Amino acid sequence: MARRGAAALALALAFLAVALARVGAQGAALQAPDYYVQETWSREPYYARPEPEPEPFSPPLPAGTGNGEREPRPPESRPPKTATKPKKAPKREKLAPEAPPPGKNSSRKGVRTKSSEKAASDDHSVPVARDEVREGCPPLGLETLKITDFQLHASTSKRYGLGAHRGRLNIQAGINENDFYDGAWCAGRNDLHQWIEVDARRLTKFTGVITQGRNSLWLSDWVTSYKVMVSNDSHTWVTVKNGSGDMIFEGNSEKEIPVLNELPVPMVARYIRINPRSWFDNGSICMRMEILGCPLPDPNNYYHRRNEMTTTDNLDFKHHNYKEMRQLMKVVNEMCPNITRIYNIGKSHQGLKLYAVEISDHPGEHEVGEPEFHYMAGAHGNEVLGRELMLLLLQFLCQEYLAGNPRIVHLVEETRIHILPSLNPDGYEKAYEGGSELGGWSLGRWTHDGIDINNNFPDLNTLLWEAEDRQNLPRKVPNHYIAIPEWFLSENATVAVETRAVIAWMEKIPFVLGGNLQGGELVVAYPYDMVRSLWKTQEHSPTPDDHVFRWLAYSYASTHRLMTDARRRVCHTEDFQKEDGTVNGASWHTVAGSLNDFSYLHTNCFELSIYVGCDKYPHESELPEEWENNRESLIVFMEQVHRGIKGMVRDAHGKGIPNAIISVEGVNHDIRTASDGDYWRLLNPGEYVVTAKAEGFTSSTKNCMVGYDMGATRCDFTLSKTNLARIREIMEKFGKQPVSLPARRLKLRGRKRRQRGGRANT
């Protein structure tokens, strides 16, 4: 009896210690200045402290013995057979699927379920409003890679490529689904003893679990139900309860739609484990997941405090729908009316205006000698991070200009900047409805009529390469300013209205450099995006300006906080570190009719694709860190528009000559002057032989030196009219038509032949 009494007393003291520790942690949370990093997702400023409701449950620390959750459960405890193929609860809210483009699988929105304490059976799913979900905790970061591979563990796995480190939400498998890069965690055996767990490395208030099946072109594997367990030491586990029994959460009914289950009561622990209870009949135990949770503040833990990312910029870190985006643009315009102008380049399929903001010291006009730069984002509506980075950049440029930041002031006064945050607003609105974690990989990617804007431009590569291959025939295709084929301009062509709007925009404004922001990877891709060899899907296809494009790509990647970090984990399957976070588009995957290739071959603009993050639609709480990751890169890349040579091409009277051709010796790609006769040619440091020529003028050649210092080298040309052009000008002045010398020669030759023929007959 004495031993039992002592044991009971020790157990009571242990529970009291746990309770006091929890109270102390909450008190520290209220006092810690950096508590905002761990707090729940809210539309309020990040420093606002939310109410701690409901009261979380925390498993007790082990008192010497475990509860046996690691031991196999008896067969009779398996859920009813109906759980193997779970029926949809009648009140479950399932968002409508998006109409995919021809030849693509349907892309549907995620499913939200909320587990209730009062549920008495497997029918525990009820609709959850979007705002209600948003009040929960943010994702821990399996998708964004904040959770490292070392924090993921599993009971077994089929092979390395299907290990726990691949069990991340939205992770994509390689084309071959090989041993290294597959599309999920898959257990080595199909039984009730399998699990995958996450080590949060600190006490965390867990509030929900999001699951997907295996990403695979060939196989159908997903988990249809599971249990959730938590632990403080990875040995003693507490199962989430449904009243008096273990709760069975309804899982997936197919492999791509994310399904959210909220815990009935938040659980405070360090570890969380998912234990599959049933799975697709013809498949295996495979899953991808994300965990929702709020890390509790630990001001005494230097490791966590050191690695938390903060920003000092006072910007609007939130996701903006179409209406909010317009309002933010208006606010920026009102703050900086002298350097900003809002305009639109056209409308989307649903009639939403494609708004752009111009930032310049003389908005609304092209200044002679000042280069034009653009950023655009949101060609894929679900790649939201680029859109929000553009809106943050607008605010930042305005604030820093008003504050007198000399770097920003110089950039604004010497450059005409155009920012188009949302090229596919119709797709974005679909993705926004799904939310940051439940849209899957492709909800909102395409336009309303199912077109991928990024690959919807005319294929000019084939026209150029076919002309180059016909060496013995007269060349009809130039190496620049290649005309758009007539079929593409017809109304019946499968061309998005958004694509036509971008083409008209790029033809109207003489852009020199541009970047289109995309998501799902962390790399800068430069043209060509299309392979030159037939029947190949990957092949290095450099442009004549390959060295310039490599530098432009590296200028962004090298100043990004993560792109060139050799220690970082690959997003999905590709390791871009061998080229320092850059890649030739065609060597990655071939694309015909890309924006980058079209821009290079049809205009003067050098265009690159900037993939700004592994997570296409990061949680709002991630935006400050993503801004810090990309801020310097966004500015440095804009500054590259001032690298190379620039100047004027004038006639003898000092008037600018439009459409004059600027050629660089050794580079088989020309550019042309703008309507005022000014030009900009991006070049790396070195000495170049440059020629300017125009119809009716004699050509002029100069040696132009490009230095390493920022700022384009001035290289002007004055062209004299040819003798024939002068004769034509004089005769037109006096109302006479100039004599066509070739036609006159032919006429004389015909007369001589007739005269010879007459003599022969006589």
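Reply: The charged end of K616 sits over the ring of W441, 3.9 Å from its centre. A charge is taken to sit over a ring if NZ of Lys or CZ of Arg is within 6 Å of the ring centre and within 35 degrees of the ring normal. R273 likewise lies over the face of W195, at 3.7 Å from the ring centre.

This is a predicted model, in which local features need pLDDT of at least 70 and side-chain atom pairs count only at pLDDT 80 or more, whereas totals for chains, interfaces and linings use all residues. Residues are numbered from 1 along each chain as its sequence is written, and side-chain values use heavy atoms, with hydrogens and water left out.

Ring-to-ring pairs come next. The structure holds 23 aromatic pairs; rings of Phe, Tyr and Trp (its six-membered ring) pair if their centres lie within 6.5 Å, and planes under 30 degrees apart count as stacked, over 60 as edge-to-face and the rest as tilted. One of the pairs joins W237 and Y271 in an edge-to-face arrangement, with 6.4 Å from centre to centre and 65° between the planes. This pair links distant parts of the chain, with W237 in strand 7 (residues 237–239) and Y271 in strand 11 (residues 259–279), 34 residues apart. Helices (H or I, at least four residues) and strands (E, at least two) are DSSP runs, numbered from the N terminus. W237 counts as buried because its relative accessibility is 0%, and Y271 is also buried, with a relative accessible area of 11%. Here buried means under 20% relative accessible area, exposed over 50%, and partly exposed in between (1.4 Å probe, protein chains only).

An aromatic cluster is formed by W465, Y528, F549, Y600 and F606. Y528 lies in the loop between strand 18 (521–526) and helix 11 (546–557).

That loop between strand 18 and helix 11 also contains W535. W535 has a positive phi, near 70°, in a residue other than glycine, and at 86% relative accessibility W535 counts as exposed. Y481 is not a glycine, yet has a positive phi of about 50°. Y481 is found in the loop between helix 8 (461–469) and helix 9 (486–489) and is partly exposed, with a relative accessible area of 31%.

Y428 and Y432 are among the buried residues of helix 7. G435 follows helix 7 with a positive phi near 95°. Y355 in strand 14 is the bridge partner of N344. Strand 13 (residues 340–347) and strand 14 (residues 353–359) pair in the antiparallel sense over 6 bridges, where pairing requires that DSSP finds at least two bridges between two strands. Their hairpin has 5 residues between the strands, and G351 in that hairpin takes a positive phi near 90°.
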